[in-house]
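Open the model in your viewer and keep the selection panel at hand. The stops below go from a helix and its sheet to a single residue.

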Amino acid sequence: MIGEPRNSRPNDGGEPLVAVEDLVKHFPLAHGVLGRSREQVPAVDGISFEVRRGETLGLVGESGSGKSTTARLLTRLLEPSGGRIVYDGADITHWSQRRLRPLRAQIQMIFQDPYSSLNPRRTVGTIVGEPLRLLGLAGKAERRARVREVMNRVGLNPEHYNRYPHEFSGGQRQRIGIARAIVQQPRLIVADEPVSALDVSIQAQVLNLLQDLRDELGLTLVFISHDLAVVRHICDHVAVMNRGKIVELANADRLYSHPAHPYTAALLAAVPVARPTGSRTSPRAAAAGTS
Amino acid sequence: MALLEVRDLSVSFATLDGVVRAVDGVSYELERGRTLGLVGESGSGKSVSALTIIGLTRSPNATIGGQIVLDGRDLVSRSDAELRRIRGKRIAMIFQDPLSSLHPYFRIGVQIVEAIRTHEDVSKRAARLRAIEALEAVGIPRPGRRIDSYPHELSGGMRQRAMLAMALALRPDVLIADEPTTALDVTVQAQVLELIRSLRDEHGIAVLLITHDLGVIAQAADEVAVMYAGRIVEHAPRDTIFESPEHPYTWGLLDSIPHLDAPRGERLRAIQGQPPSLIRASEGCKFFPRCPYQPAPADEIEPELAETTPGHRVRCHLPVEERRRIWRERHGSTLLER
């Protein structure tokens with residue numbers, strides 16, 4: 001079940017690890033008589049993309065664009081209303097939770113707010129080791145050793161095994177979230193705004209860590225963020241979402257240098273550049289506007 | 001002369017874990033028609049210093065030292081009642097999350113009218129007209145109808161505009177904006193910053209803009225104070241902060257963020273370590289444990305915030321020449337390209 005060690009990043013344009021086709025998610029908006037919903041709001045409205053093994057796909061968009069819903073559909077935390085999700089060649093769109101269980105180790109999620117995604121009454125060692133216990137992947141001693149190893153890898157002191165989440169800073173808590181995700185040797189990580197709640201100096205540390213882990217473990221990553229510069233930094237391909245649809249999907253270099261869709265160009269132009277006068281709007285966005 | 005002057009302000013809180021020195025000897029000045037950006041990370045003291053200006057940190061466990069001078073009179077030593085007449089009227093503040101600063105049960109117009117009538121003896125009708133004017137001034141479409149909306153009926157950007165309208169309806173001299181755009185989408189952020197800028201220019205308001213985002217600083221501030229562990233570590237005109245910063249922490253902040261025009265895929269130059277505890281503050285330079293340039297911890301004296309060129313003050317032990325050399329090494333080439 002646990003894949004073989006993946007030391008290199010296969011970036012040879014191989015098979016997609018995950019692909020979605022025409023994915024749709026509706027949420028009921030208002031309830032009519034008999035409690036049946038009459039109006040539906042499409043949070044995700046027919047999107048298609050694929051992520052090749054070892055690649056990082058960025059999903060960017062403003063609030064309400066459907067990027068977080070997409071994350072929860074991909075990890076099957078939400079039931080799709082339509083379309084297909086194909087993981088490693090298998091159509092998992094409507095698999096039961098029970099059938100999905102073996103896949104849970106392979107598909108992991110990292111959340112925006114590390115604090116609310118960690119049980120405050122469990123020690124870090126328990127939190128990070130929990131997935132191994134639930135999946136019956138290791139005995140107690142082995143589990144402990146593995147947790148310490150992973151804690152060390154993400155830059156946490158393994159001596160802090162018995163501490164509780166509140167004893168850690170925001171950046172360290174996100175490292176706990178990352179440790180919990182990688183402890184099961186996943187193949188796909190869906191990270192939903194993983195650095196948005198962190199201070200700038202800590203954000204850089206966590207981005208570097210994610211990049212290193214991805215390269216070392218050969219992870220496939222879906223990286224969701226509202227921050228266009230962060231996405232550009234870490235992603236190979238970028239999908240721009242607006243109102244539940246992907247308006248543009250391209251290689252990161254091309255998307256940022258030559259945005260094809262006016263919405264992408266508008267987003268890029270709005271990014272304040274941390275440099276003084278003369279370059280307040282992105283030079284690339286400005287150039288793109290004239291092309 | 002400065003409109004508002006913060007002199008050697010210190011704010012500490014007694015907690016169960018010990019005394020937290022949140023703000024420690026901070027001085028800055030706000031001038032009409034100018035925006036001072038206070039930049040720093042969580043716990044740097046940027047918000048506490050601003051909250052203290054309008055007396056919102058006053059509590060039995062807080063100790064406030066130094067002076068906050070408005071029109072030649074100190075605010076720190078004034079009574080709560082006196083401060084209440086200044087807060088809102090002379091000095092207005094807007095916050096990061098407009099939804100939690102607006103009352104959910106009352107229409108926005110009612111809330112703006114209440115603010116006006118608290119400070120000025122005007123009729124309800126006149127106050128309502130002023131409220132509509134204020135909503136119009138901040139670019140809310142159809143203000144005559146929107147005035148009767150509840151906060152939840154407005155989008156995030158519109159709510160922040162409504163907060164600004166409430167702040168500006170009393171024609172304050174000073175506007176404190178604490179992370180005003182952090183909760184907003186980028187396109188809306190750009191609009192709100194532009195709005196604050198034009199209000200500053202039209203009404204000659206002095207703006208104190210608090211943010212962790214250097215992009216926001218670049219877009220909206222005239223002058224910048226960088227805070228770390230309750231201290232200002234660097235203070236300079238905006239262009240200087242970006243073109244020739246001299247404090248290693250400022251360098252770290254600038255290099256921690258990915259830029260849209262930087263080469264892709266390279267590792268970010270992160271600041272190592274964690275922000276320091278404000279309870280057991282170390283002697284000497286507060287940034288020392290994370291500073292990659294300080295030779296040896298020999299000096300237990302904290303550096304002064306010393307002027308290196310007119311208007312540019314830096315709190316660092318490194319010799320000025322050394323600092324300039326390091327910055328050129330880190331960034332000289334990329335700056336020349338531009």
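Select helix 7 (residues 156–168) of chain B: helix 7 lies across strand 6 and strand 7 (174–178) of chain B and runs at about 170 degrees to strand 6 of chain B. Helices (H or I, at least four residues) and strands (E, at least two) are DSSP runs, numbered from the N terminus. Axes are lines fitted to C-alpha atoms, for helices over the stretch in contact, with angles from 0 to 180 degrees between N-to-C directions.

The model is predicted: local features need pLDDT of at least 70 and side-chain atom pairs pLDDT 80 or more, while totals for chains, interfaces and linings use all residues. Residues are numbered from 1 along each chain as its sequence is written, and chains are lettered from A and ligands numbered from 1 in the order in which they are written.

Next, show the eight strands of chain B that form an open, mixed sheet in the order 6-7-8-3-9-10-12-11. Strand 6 (91–94) and strand 11 (305–309) of chain B stand at the edges; each has a single partner strand, so one side of each lacks a neighbour in the sheet. Neighbouring strands of this sheet are turned by 20 degrees against each other on average, direction ignored.

Within chain B, pick strand 10 (residues 231–237) and strand 12 (residues 312–315), which pair antiparallel over two bridges; pairing requires at least two DSSP bridges. Glu234(B) stands opposite Val314(B) in strand 12 of chain B.

**Ser27(B)**

Finally, select Ser27(B), in strand 2 (residues 18–30) of chain B. Leaving aside neighbours within four places in sequence, Ser27(B) is in contact (C-beta atoms, placed from the backbone, within 7 Å) with Val6(B), Arg7(B) and Asp8(B).

Conventions
Two residues are in contact if their C-beta atoms, placed from the backbone, lie within 7 Å.
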